[in-house]
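Morning, everyone. Please bring up the model on your screens, and I'll walk you through a few residues.

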Amino acid sequence: TMTRMGAVLASGLIDACGRNANIQLVSRQGVVRPPAVAGMALWLQYWYWYPMMHMLSLSLTPTALVGLNRDLDMPVAFEVDCDLPLAAFDYPEPTTEKKVAKKVRVTTAVLSMTAKQNAKDKAKGKDDGTTMDVDESDKNENEPGKPTDEELQEKRNDMLKNPLRVTRSQQSKIVFLDEGRYRPVANDAQHKSGIIILRDTTPGEEEEVRRISVPTKEETTTNSTPEVQMPQGFTFNPSMLT
């Protein structure tokens, strides 16, 4: 039971937020995050009270880079570059169970004349153990399932647009473009993830932004489900457990 529970918890930690978050107890400026530390401390006590498992969410930080302008909107034209191919920071492939085919040993019937001929050839030294040379230079070319350079470049362009996914190991490889319209106000190593404020180099031009629609109070009241009523109070009696 403990092994299964540990496997479930490990799988949940890996897949937290759709594999778009990690545990971070310190901010980008090196300051300890009290809610994250408290959430981790409470999560470590889950064995005594299982609802403590949910406290781990206080320690999670999204692996994202979101650029905002002065109106706190996301400009579409803001893009960043990466020094390494994005395939190195892609989502891990899901584990699959390998099906091993059972090998059945088949006894080959050898004719008496064939055995005599093989013995003669071995006595004459015809079986010198030489093998055929095989050219393996093109063995790895055009492998099935291997993405082409065009597919990698297309995938790269899609991931580098605002907003984008940036893992912890990828932060040091992020490069802000100098020729772009939007440039970060703080261009340093500490601001390669999270929410960053952008400076518009051409404020007079019309800009295209991604607007997030926030539901109004009327829509929330109309589409919301009725609130669950609180359970009635009761007096706990230890004899109820027997």
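Asn-162 sits in the loop between α4 and β6. Helices here are DSSP runs of H or I with at least four residues, strands are runs of E with at least two, and both are numbered from the N terminus. This is a predicted model: local features need pLDDT of at least 70, side-chain atom pairs count only at pLDDT 80 or more, and totals for chains, interfaces and linings use all residues. Residues are numbered from 1 along each chain as its sequence is written, and side-chain values use heavy atoms, with hydrogens and water left out.

Is Asn-162 buried or exposed? Buried, at 1% relative accessibility. The cut-offs: buried is under 20% relative accessible area, exposed is over 50%, partly exposed is in between, with a 1.4 Å probe and protein chains only. Contact means heavy atoms within 4.5 Å. Setting aside residues up to four places away in sequence, Asn-162 touches Leu-65, Val-66, Gly-67, Met-74, Pro-75, Phe-78 and Arg-210.

Now Lys-161. That residue lies in the loop between α4 (149–159) and β6 (164–165). Lys-161 is partly exposed, at 34%. Beyond neighbours within four places in sequence, Lys-161 contacts Phe-78 and Glu-79. Phe-78 is 83 residues away from Lys-161 in sequence, yet 6.6 Å away C-alpha to C-alpha.

On to salt bridges. The rule is a side-chain nitrogen of Lys or Arg within 4 Å of a carboxyl oxygen of Asp or Glu. The count is 2. Arg-19 pairs with Asp-15 at 2.7 Å. Asp-200 pairs with Arg-181 at 2.9 Å, N to O. Asp-200 is partly exposed at 22%, while Arg-181 is buried at 17%.
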